[in-house]
Every structure is written in C-alpha cells, then in structure tokens.
Amino acid sequence: MLELREITKRFGDVLANDRVSFAVAPGTIHALVGENGAGKSTAMRIAYGFYSADSGDVVVDGAVRRFASPQDAIALGIGMVHQHFMLVEPMTVAENIVLGIEPGNALQLDVAGAVSRIRALSAEFGLAIDPTARIEDLSVGQQQRVELLKALYRQARILILDEPTAVLSPQAVRDLFAILRRMREQGKTIVIVTHKLSEVLEISDEVTVMRDGKVVGNRRTAETSAAELARLMVGRDVLLRVVKPEGHPGKPVLAVRGLSSGALGTKDRERRLDGVSFEVRAGEIVGIAGIEGNGQTELIEALAGLAEPAAVTGTIELEGRDVEGLSARARRAGGIAHVPEDRHRRGLLLDFDLAENSILGADDRPPVAVGPWHLWLNREAIRRRTEKILKAFDVRPPDPDLPARSLSGGNQQKLILGRELEESPKLLLVAQPTRGVDIGGIEFIHRRLVEMRDAGCAVLLVSSELEEVTALSDRLLVMREGRIVGEVDPARATPEEIGLLMTGGNAAA
Amino acid sequence: MSNILIVSLLFSAIRLTTPMLLAALGGLYSERSGVINIALEGLMLAGAFTAATITHYTGNPWVGLAAAILAGALVALVHGVACIQFKADQVVSGTAINILFLGIPALLSGAFFESTGATPQLPKGQLIPMAPIVLAFALVPVTWYVLYRTPFGLRLRAVGENPEAADTAGVDVSRVRYLAVMLSGALAAIGGAYLSIGQSSLFARNMSAGRGFIALAALIFGKWRPVQTMLACLLFGFAEALSIQMQGVSQIPVQFIQLIPYVLTIVVLAGFIGHSRAPRALGLPYQKKR
Ligand SMILES: Nc1ncnc2c1ncn2[C@@H]1O[C@H](COP(=O)(O)OP(=O)(O)O)[C@@H](O)[C@H]1O
Ligand SMILES: [Mg+2]
C-alpha cells in the first residue's frame, strides 16, 4: 500500500537515509524502530512529502508518486502526526482541524458543520474530545488525539505516527494503542515510529529496523524478540536490563523539607512545588517519576540553586548544613553536581569546544585556574583533564578541539556526566539522563549511575521514562502537580500502579 | 463643565481617535500574521502626503484617498518583501521606512510645490472630514468578523501563532503574510489621509507626530484584539482631546499638557504590557524546510 524504494536523503554531510526500502501492507500496524538519528523521521517525512528525497521513489497503491508538498500526500490519503505537534495553541480543536481546508465559503466559515463532522469522527474511532475546547487547555494525550482527528478529517487511509508515545503517561499509551487497534479494524493502515521495543512487540504486526540511515531488518512481530530487535538496532548484543547489586544506603546526604515555590509561569498549576519533603542517603538512588511538567524541573533547579531565590521556601540541607541561601556555584563547591535535563540550554555551550565545556564549573580554581587570584587558565591541565574525561566516558570522537555541537546527543551527555563526576560529588542531581541518547549510550550511562551509587554518592534521578526510573532507583517517589504523591518500591510496583499515582487516577491525562 | 464643553470634548476625542484607530487596525492585521509593523508611522505619513498631493492635482478627495491606499499598500509591500522574502529584521525594516518617510515628503514637496515639506492648502469642498471616521469605527466589527468568522481570519491567526503548523495544514504562509502586511499599509494610509484631507487641509511636515507609534501601543494594550484595541485608541484619543482643551484654561505650561498622551502611553505600556500576549510567531521569519 505504502512503499519506500531506495530512498536516499542527505543533509549536508549527514547521510540521513541510505537506500531505504520497505513496504507497509494494507490494514496493518507497521513499526519503524531505530536509535536516535537512525533516519526514521526523515524517511517518514519523505513519505509525507515534507522533504523531497535525493533519489528513490515513494510508491502508493502500486504507482510511483512525486510529492511537491504534504498537500499531495494528503490528497492520496496519507496523514502524519509529527513528533512535535503541529497545533495552534490559542485556537480551538475544530479550528485546528479545519485549518487549510475550511468548510463554508470565503465570507463565512462553517464552524457548526465542522463541529458536527468532528463529533461523528470522534465517535467512530473512540477519540473522545470536545471540538470547542482550546488546544492550550488540553493535555498532551488529548492534543495527540486532535492530530489524529486532523488526519482522519482529511480522510487519511495511511497514518504515520512519529514517536507518539514519547510524551504520554502509561495510561495514555494504553488508550492510544486501543485507538490504533480500532483504526486498524476500520481498515486504516498505520506506521508507528518508536524506539521502545516493548511497544513494538505490543502493538505492531510487522517491524522494520533502521540503523545509521539504512534498513537493517524486516520482521513479522510475532517471529521476533526484544533481544533480536535491540541487536539489530545497535549492531551488537546489548544489555536491556540494568544490572544493579543490592544497595547499602548510608547516612542522609540531602534532606528537603517543605520545599515550595511560587507561581513562576503563567500555567501556575503545573509550575510549582508544593510542600515537597524527602531524603536521599549516601549510596542510594532515589527516583522521581511523573509526567513532565509536574514540578520535576522546578525541584531540580531549586536544589541546584538555579531557581529565583525569592520564589522558594522550605529547607534544603546537605549533610546537615543549610544550603538554601547559597548560589549555584557555592552549592557545587559544597559537593552538589547537576546533570541538567536540557543539555543544550543548561548543560553545554554548544559552540565552545570539548575542552572548554569540560571545565565549566571548575574554571575558577586549581588545577584549571592558576596564578595570583586564579587569573590564568592552565591549558596543559585543561587538556589533561579533558582527555581523561573523554577516555573514561568513551566520548566519541575524543577530540578536545571539536565544538560540542558536533557530538551526537549520547556523546554530549557522556561529556556532561564525565565533567560532573570529575569533582567526586556527594550528591548528584540527574534529570532525563538518557533523553535523545542511543541504546549503547543509555547502557553506559546507567552503568555509571549505579557505580556512583556504589561508590557512596547520593543520586537523585528525575526521568519521565518509567522503565528507566524503576530499573535504576532504590526508592521511587511519584510527583504530580508539584507534590510528592507517593513512594513505591520500584522492584515491586507495576507500571499501572505508578501510572495511577502519576495521573491521580485520571486515565485521560 | 458645561454640556457643550463635554460634547465638544467627545467629538474632539473621536476625531483624534480616528487616525490612530485606522493605523492600529492595520497593525493588527500585520501583527496577527506574525509581521511586526513598527512602520505604521511612516505608512501614515505616506498616506497623508499622497492624499494631499493627489487631491490638490485632481481636485477630488476620493481619488486622493484611493491614491493614498495604493501608496500605503505599496510601501507596506516593500516592508513585506524585506521581512517575508528576505527575512530581514522586522524592526529594522520598519524603522527604515519610518525614517524614509520623514524625508521623502519634504523632498517631493520641494520638487512639486517648492515648499519645504508642506503641500498647498486645499479648499473646504475638497475635504472628507466624516467618511474616515465612519469607516474607522465600522472597521472594528468588520475586523472582528474577518478574524474570527472567515477562513482568511483563521489562516491569519494560525500563521501568526504557528506558521509551521499552518504550512503543514496546507496554508500558504507567505501569501497570507503579504496580504496582511499590504492591508495594514492601506489602513494606516487611510489614517494618514484623514490627517491631511480630513482633519486639516494640507500635508504638513511630520504631521502624524508619533500617532503611528501610539497606535502600535494601543494595539499591544488592546492585546491584538479589535474591540480592545479600539478602546485603547479611544483612551489615547480622550487624553489628547483633554490635553488640547486644557491648554486654553489651566495655568500649567502648554508643553506639559501636550505631554499627556505620550506619558499615558508609557504608563499604560509599562503597567500592562506584562498581561498582554503577542502572537507567538510575531517577528519571526518563516523558513520552509525541504
Ligand atoms: N532538517 C535537517 N537538517 C540537517 N540534518 C538533519 C535534518 N533532519 C535530520 N537530520 C539528521 O539526519 C539524521 C537522521 O535524523 P532523523 O531522521 O531525525 O532520525 P530519527 O528520527 O531516527 O531519530 C540525524 O543525523 C539528523 O541529525
Ligand atoms: Mg525522529
């Protein structure tokens, strides 16, 4: 029904798609998997007419097609839900759906007609949504349904979903999968892009694996396994489970009591901390699970000293010493290291080279800074330090003179982790450590976090990847709307139980 | 204060609001589509000068008005080409137009009328004192309707908020923005024409006196919405009317009283701008990816 033949696409020096070929059978759910940067999104955007291929053909219903724009693909019944939603936030659901193909005439938009058609479609596919609601008032899961409705309204027969589950809670993923199955029953064909193998096995009929821009395998889902798919994705055997010996927690390193922060943004319901109290002991990993935007960012920034001091109340103690009033730099000197969630904004200076990036935070004291008042940078010491980090953390390519921008996400993250661990911190704050990191890199980073724990460091881990946070943590706290709403034993709790805490029992969120 | 005084204050306020309202509504179209239009001031001057000049030569203010509309749209097209096609900085482009139209009328009036910036006085019969007022206020509900009830309005809002989403949905982003920017030039020019062939009877050097900027302030204060923008313009219009009326009666030096509308602009913007949310893509050129 939809087929890619020998698709090649280059972005500058990057060969994003290298003779990519695969076919999607009508009425099936086809998974496209691969690590970050494997070229999945590029291939799908070509199938949707968003990019044009350098060479190769897109074949729909047996005929070779040329797409000048997504409009041509849409006309053939292809719809796409992008990784980042294409929605206009202040407008209503109905307005977003009809945009570009407005019913009525030039002088009058037929809103009522659109609303009733959307209601009919929602009912047909089980996509509960109010057409008159504003996008900005909807949860991420609901926004995704709007994207699906947008495609269905344009009479899509083939739906492409790019990483649809990345932003969803476990309940919302389950709901989405139910919707997708229903669509398949109604005769739709679905291509789902993901890098989560459990989801591939659960939802798909067939699976295509990509690595480094090439297709490296096609399997019927029933005839493959997570281990085989992982091996295809990475090109070698990988450890899918985190190996973690029994922990030996020592005395408390971090004690947080009654931590609150005022309304910092416009959507203040989400952007606050509300009486957060917990402890992290030496030699343990405490995980924080929760749907993004429920206060995790604010918590980490408050602990790292990055929040507006006036907006924060409560106490933060590091080994019994109050650090509340201290600046970020003073907290670092006191033994707090921070691997931030947004490595491009907070973690790196992208246009600086690896050597410069590896001394951030250590730039005002020996051995990096020397001489009277530490006015000079010791280039030799910087070089030695950088090379040590690059080697120990397997950063590739290990060239101190490259700009940080040129590294892949995984290597950037390893550089940050290496820099932060160089100072042998007492407390490590890590947020979303493996976001945008390839499977090989994930394995490496997980191993390092467990090693730090075993070396007696207290680790506070925030992650929206439920699998990650349950596998790594010794204790797991769940956050919702700025509060800690529960603590569970990560070895025993099911994803459903944790998901229920995350959403407050509201499965639609 | 007597009733007569109040009534005359009211009329004076409405007259003073008119050019600002036209420019502000023009700015609304442009900015709702994502293109900053700091050039309103220059566009008003272009309209004012063209209207007075053409009316002088043809003796027909309606022809003058039409010429002003054309001139406004053309000058705005230059701004559009710079910002949309060449992705220039929108503030810089707008500022260039403002500076240009401080100079051009002086230059041309020198060539046409051997004056240093003014056009010849027009007879009373060749003025249109009422029509622009009616038009300005009628355009408020019209703009509201266009914005919220027509496909063009939907696309306009979408393009100003999230051009990538609009593009994916099949909306021609550049086309919508060009239309919006030219519309804004036309409306600002009508505002300018009212100054020269409505309120007074000639073009005088820099006769807009910052009204284009105040219109921009009103647009921001009015949260880029038609009715609120009109109310904001009325507020500034009243302030100006009041300051004019006070000049005759109070002891305060004239210069201070004349400051009132401008000080009010600053106070209002400083006090309220935080609560106003601009179209998200305002000022950002759109680059299609291929
Ligand atoms: N618009 C673009 N410009 C330049 N490089 C790009 C662009 N889109 C993707 N790439 C590069 O192409 C490669 C494949 O990217 P992508 O298709 O997004 O991978 P995936 O979706 O599998 O993570 C990556 O190296 C990425 O950096
Ligand atoms: Mg992708």
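Two strands are said to pair if DSSP finds at least two bridges between them. The views below show a predicted model.

**View 1. Strands β1 and β2 of chain A.** Strand β1 of chain A, which covers residues 2–11, is joined to β2(A) by 7 bridges. The two strands run antiparallel. At one of these positions, A:Leu2 has A:Val24 of β2(A) as its bridge partner.

**View 2. The open sheet of chain A.** Strands of a sheet pair through backbone hydrogen bonds, either parallel or antiparallel. In chain A, 4 strands form an open sheet with antiparallel pairing, in the order β2-β1-β4-β5. Its edge strands, β2 (14–24) and β5 (63–65), each pair on one side only. On average, neighbouring strands of this sheet are turned by 30° against each other, direction ignored.

**View 3. Helix α1 of chain A against the strands.** Helix α1, formed by residues 40–47 of chain A, lies across β1, β2 and β4 (55–60) of that chain. The helix runs at about 120° to β1(A).

**View 4. The largest nonpolar core.** This core contains 156 residues. Among the members that touch the most others are A:Leu4, A:Met44, A:Leu180 and A:Met183. Helix α8 of chain B (residues 173–199) gives the most to this core, with 11 residues.

**View 5. The surroundings of A:Leu180.** Neighbours within four places in sequence are left aside here. A:Leu180 is in contact with A:Ile29, A:Leu161, A:Ile190, A:Ile192 and A:Ile203.

View 6. A separate core of 37 residues includes A:Ile285, A:Leu350, A:Val469 and A:Leu472.

Technical notes. Residues are numbered from 1 along each chain as its sequence is written. Chains are lettered from A and ligands numbered from 1 in the order in which they are written. This is a predicted model: local features need pLDDT of at least 70, side-chain atom pairs count only at pLDDT 80 or more; totals for chains, interfaces and linings use all residues. Side-chain values use heavy atoms; hydrogens and water are left out. Axes are lines fitted to C-alpha atoms, for helices over the stretch in contact, and angles run from 0 to 180 degrees between N-to-C directions. Contact means heavy atoms within 4.5 Å. A nonpolar core is a set of buried Ala, Val, Leu, Ile, Met, Phe, Trp, Tyr and Cys residues joined through side-chain atoms within 4.5 Å. Buried means under 20% relative accessible area, exposed over 50%, partly exposed in between (1.4 Å probe, protein chains only).
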